[in-house]
Amino acid sequence: MSDHPFRLTVVGCSGSYPGPDSPASCYLLEAEHTSEAGETRTWRVLVDLGNGALGHLHRHVDPLTVDAVLLSHLHADHCLDLCGYYVMRKYHPTGPQPRIPVWGPAGTAERMARAYDLPVDPGMGEEFDFRPYDGAFEVGPFRVEPHEVEHPVTAYALRVTAHARTLAYSGDTGPCEALVRAADGADLLLAEASFETGRDNPPDLHMTGTDCGETAGRAGVARLVLTHVPPWHDPAVAEAEARAAWDGPVALARAGATYDV
């Protein structure tokens, strides 16, 4: 990590549900941080933990070394593997693991308790310290700014900065000004491209590749990575749309890919 102080690993990038080549949404952020005591280590934060992602996370890091989880919203393809993570941290053979923070929309603790059929009190509260988004915050080397975006449920785009480098993550959203603000000048925009241009797409739900390219241009980002393409669509269509709308570097996310932010 010393040569690449802020790294993104795509754990899962399939849209709406796990696909044949990838779990649903999950992204691992890693950056080094030196504590006040002079200890330097790599901090690890998960952005979303959708269905199927926890198993694939083992390919990249020991899940017990994760320091925090950031949930963009509470649809299953972005949060449901927190259930398995709860089991892992509660019943691991080495003993119950330290409580870690989980940021998400208001009501995340109750949502996750229902998902595992637990009583709301304590729910998963002995394993996770649930915290609602309420302005910018820091976790290790990461500064996180949530921006509420357009989706049928409360959802956030996340602007994450570490070592003077910035990643913007759209979460799930229709095209909106909040996403442009979240992505302003970002070194990498990770944007969802669930829809295809020309189809009868519902408003305020998801973006097309064209929308992603236009957002990248308006925000002045350095790079665009498209993600969350559902298995019923061809990712090459999303990529072609984005390239037609924006002349900057465009890539398609794939499970296992890494990017130096």
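The structure is a predicted model, in which local features need pLDDT of at least 70 and side-chain atom pairs count only at pLDDT 80 or more, whereas totals for chains, interfaces and linings use all residues. Residues are numbered from 1 along each chain as its sequence is written, and side-chain values use heavy atoms, with hydrogens and water left out.

Strand S4 (residues 68-70) runs parallel to strand S5 and is joined to it by two bridges, with Val69 standing opposite Val102 of S5. Five bridges, again in the parallel sense, join S5 to strand S6 (residues 128-132), where Arg131 is the bridge partner of Trp103. Five of the five residues of S5 (residues 100-104) are buried, so the strand is largely enclosed by the rest of the structure; buried denotes under 20% relative accessible area, exposed over 50% and partly exposed the range in between, with a 1.4 Å probe and protein chains only. Ile100, Val102 and Gly104 point one way from S5, while Pro101 and Trp103 point the other way.

In the loop between strand S8 (142-148) and strand S9 (156-162) lies His151, which counts as buried at 12% relative accessibility. The side chain of His151 reaches the backbone oxygen of Leu205 at 2.8 Å, a polar contact being a pair of N or O atoms within 3.5 Å of which, within protein, one must be able to donate a hydrogen and the other to accept it, and residues adjacent in sequence count only if both atoms are side-chain atoms. Beyond its neighbours within four places in sequence, His151 is in contact (heavy atoms within 4.5 Å) with residues including His73, His75, Asp172 and His206.

Eight of the 11 residues of helix H6 (residues 209-219) are buried, so this helix is largely enclosed by the rest of the structure. The buried residues of H6 pack against helix H5 (177-183), strand S11 (188-192), strand S12 (224-227) and helix H7 (235-245).

Key: Helices (H or I, at least four residues) and strands (E, at least two) are DSSP runs, numbered from the N terminus. Two strands pair if DSSP finds at least two bridges between them.
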